[in-house]
Amino acid sequence: MSASEVTTRLPDFNWTDADLLKFMAENWGMVDPNHIRVRGRLRVADAGGFGFLEDLSDAVSGIKLQSLSHISRVQQGVFVAPPDLDALLTRSGPTEYAVAELMLAPLFRRQQRNDPLACMVRPHSLMALSRAPETWGLKSTEEDRALLLLDQAREAITAQLEQDTAKVATKLEHLQTECAQQEATQKVLQATLDEADERLLAVRQQTEALNVDFNVRSSILEDKLRALDSLLRQRGERLVALDLVEKEDLLELIPPSDQSDTRIGHDYLKVLAGDFAQLAPFIQARLWSKNMLFSQGQLRDFLALMRTHDLVVLAGDSGSGKTSLVRAVADSIGGRCTVIPVKPNWTGPEDLLGYYNPIERSYHATPFLLALQAAEREPEIIHFICLDEMNLARVEHYFADFLSLLEERDKTPIIPLYLADEEQHVVVEYNHFLTLEQEARHRTGMKEGATFLDMLLNEQANATLHQLGGFQDNESILLHHSRLRRSARALIRTPSCLRFPSNVRIIGAVNIDETTHYLSPKVLDRAHVLRFRNPLLMDWDAIQAEVQHFEVDITLPLRLSAEDLGLRGSYPAYDRTAPYAALLTKLTRDHLAPLGVEFGLRAIRQSLGYLQAAQAAGIDDLTALDNIVQHKILPKLMLDSTRTDASGRSKREILISLREALAVALAGLQPSVGEETALTALDQLIGSLNSNNGIANYWLR
């Protein structure tokens, strides 16, 4: 039989099997009649051990298979033999969708069904559909879940890119540190010069290899993300036409292609040559021009704390400049600052992040969550979120989830907002409506770009949509559309989870008085406390003498990227033989533990992380150690000094021995201008014991 005869005649039982397969392949747009591959929904029969592959589509293009003749229903489903079904379920478990090759059913079966084209699944060709194919389209998934899988794929790509970037950056940082150590060893130990040169060369080669690997991975992931953006734009035009989403809502999912930096200010890399240690003097000069006076030591300490990515608590009397410092620094580096007042009635995480209302099918967001989402939309811009009067409510109650979240250093923390099932329900219902309106348009011959209003005004399309959706009157379909619109808007604006943006720094401002709560050990163990002195007690002349002159216009800020303020990475490993780790361990064993003050591995590793950040900020090691004592140790001193430890020593004696040990460790310290040292703070604490009935409390001055 010729090719023209195969395509023009309708098949019957006189045709050969080869001609029947060729007929199906040509009418379904497939190339190889011997390998007709389809995908469909798998239905297992209630009894008998067999099943059916139904609602068939082309496995490659995803196009739904059309009817081949008025007597054939092969496009609706094919038989799956028990051995193939059993093998699939054993191998993959319960499966909703699958792909397979088709073959003609035995002749007697086709005659029984009066269908010469009746098919069945070719043995050993049935496979479960569990992930997208490597061609990276979403064509291997069913149409009514495309949006959900698209969001998941976008999250997976972005998360993988961030994870790879952080890992490579951490490796590069470690390699650069090792390189610097080798160079220092080369100068001190001339005898090992040749060996050091060889190791340095190996480190550089490894760094170059990591750079190449990083660039390749970034290129691949960016290509995939662009492909997804293209698919979303095609789908998005239909959503806007149906008035289910607004243009601005669609932009929430599709970021603009132009991400150029439009901030006003100087280029940080040009003005300061990327020298982070010069940032504090620039900010000090800029603030001085605005009649705001902060010491360089205070600014360097604050900037170093911002590089740690830890929770930072600013403590001091009202009016001591805590929130002013946060706003001023954010403004000076081209960042954003959001100040959120904490309410005394906050008792749980929903007060901080908001909650999902299942009745309204929407999420009630808080200013804190909106600030996080704003930061996510501007990944290159630094965002400070300041919780003002943080301890008006108990921090460990409403901030407990975030305390644990900020400890995740090896991967991007995920903030769950509500059950993903709610998101899935909305997407499935949403896509059912899209499928119905598409079918209504096809049946009535309306154009692809027809709007929802066009369909309502077209009597035939309106009636068809009512019939397909089971709607009874105009009001019901309008209400359904309105509910879908609200649900979609809520879903787009607040997904079920949020990645904690790496460009965010969380800062708390606290006052200690009779209206506030003390910070619990759980909070102090995970935070750095920066204490503010009364500005009236500071040496303004000495601070003003520090102010440097810059040739550029200091009234304009510097444009820092989020990366310029430090990448989020793991805390330094604990090495008990390293000098500062050994010192902090000895202080813990000899003084802090007998005082009943907990100072564990987490606190030591956080302290070592601060030490690295302090070096980048231009703080010498002794000053950094002094700051660690003030940030991490002194705020934990709240105890009765009249009591004794297990050995019989009074805690007053132990406090004095702690002071003596710190005096030895900090010998040679040059205090920063206008700044208090750990020793002066501890002297004041010990000196107040008699007037406080033996109670030592760092927070009471």
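In which loop is Asn-291 found? In this predicted model, in which local features need pLDDT of at least 70, side-chain atom pairs count only at pLDDT 80 or more, and totals for chains, interfaces and linings use all residues, Asn-291 is found in the loop between α9 (279–288) and α10. Residues are numbered from 1 along each chain as its sequence is written, and side-chain values use heavy atoms, with hydrogens and water left out. Helices (H or I, at least four residues) and strands (E, at least two) are DSSP runs, numbered from the N terminus. Phi of Asn-291 is near 65°, a positive value in a residue other than glycine. Asn-291 counts as exposed, at 76% relative accessibility; the classes are buried, under 20% relative accessible area, exposed, over 50%, and partly exposed in between (1.4 Å probe, protein chains only). A positive phi in a residue other than glycine also occurs at Asp-55, with a value near 55°. Asp-55 is found in strand β2 (residues 51–58) and is partly exposed, with a relative accessible area of 42%.

The secondary structure of the protein comes to 26 helices and 19 strands. Of its 701 residues, 47% are buried. Contact means heavy atoms within 4.5 Å. Among contacts with a separation of 6 or more, 73% join residues 24 or more positions apart.

A nonpolar core is a set of buried Ala, Val, Leu, Ile, Met, Phe, Trp, Tyr and Cys residues joined through side-chain atoms within 4.5 Å. The largest such core has 116 residues, and those with the most contacts inside it are Phe-384, Phe-399 and Phe-402. Helix α23 (residues 601–616) gives the most to this core, with 7 residues. Another core, of 28 residues, lies apart from it and has Trp-15, Leu-85, Ala-100 and Val-121 among its members. In soluble globular proteins, nonpolar side chains tend to be buried together.

With neighbours within four places in sequence left aside, Phe-384 is in contact with residues including Phe-302, Met-306, Val-326, Val-329, Ala-330, Ile-333, Arg-505, Ile-507 and Leu-565. Phe-399 is found in the loop between α14 (395–398) and α15 (400–405) and counts as buried because its relative accessibility is 0%. Under the exclusion of neighbours within four places in sequence, the contacts of Phe-399 are Leu-311, Leu-352, Leu-387, Met-390, Leu-406 and Ile-506.

His-309 is placed in the loop between α10 (296–308) and β8 (311–315). With a relative accessible area of 4%, His-309 is buried. A polar atom of its side chain lies 2.8 Å from the backbone oxygen of Gly-566. A polar contact is a pair of N or O atoms within 3.5 Å; within protein, one must be able to donate a hydrogen and the other to accept it, and residues adjacent in sequence count only if both atoms are side-chain atoms. Beyond its neighbours within four places in sequence, His-309 is in contact with Arg-409, Ser-502, Arg-505, Gly-566, Leu-567 and Arg-568.

Gln-373, in helix α13 (residues 367–377), is likewise buried, at 8% relative accessibility. Residues up to four places away in sequence not counted, Gln-373 touches Arg-493, Thr-494, Pro-495 and Leu-498. Its C-alpha atom is separated by 8.3 Å from that of Pro-501, 128 residues apart along the chain.

In helix α18 (residues 459–469), the buried residues are Ala-461, Asn-462, Thr-464, Leu-465 and His-466. At the start of α18, a side-chain oxygen of Asn-458 reaches to within 3.1 Å of the backbone nitrogen of Gln-460. Just after α18, Gly-470 takes a positive phi of about 70°.

Cavities were also examined. On a 1 Å grid over the protein atoms alone, a cavity is a set of points where a 1.4 Å probe fits but cannot get out, and lining residues have an atom within 4 Å of a point. Of the 21 residues that line the largest cavity, Asp-301, Asn-627, Gln-630, Glu-675 and Glu-676 are the closest to its centre. The elements giving two or more residues to this lining are α10, β16 (527–531) and α24 (621–633), and the largest share, 5 residues, comes from α24.

Note on methods
1 Å grid on protein atoms, 1.4 Å probe; cavity = no way out; pocket = protein on both sides within 12 Å on 5 of 7 lines; lining within 4 Å.
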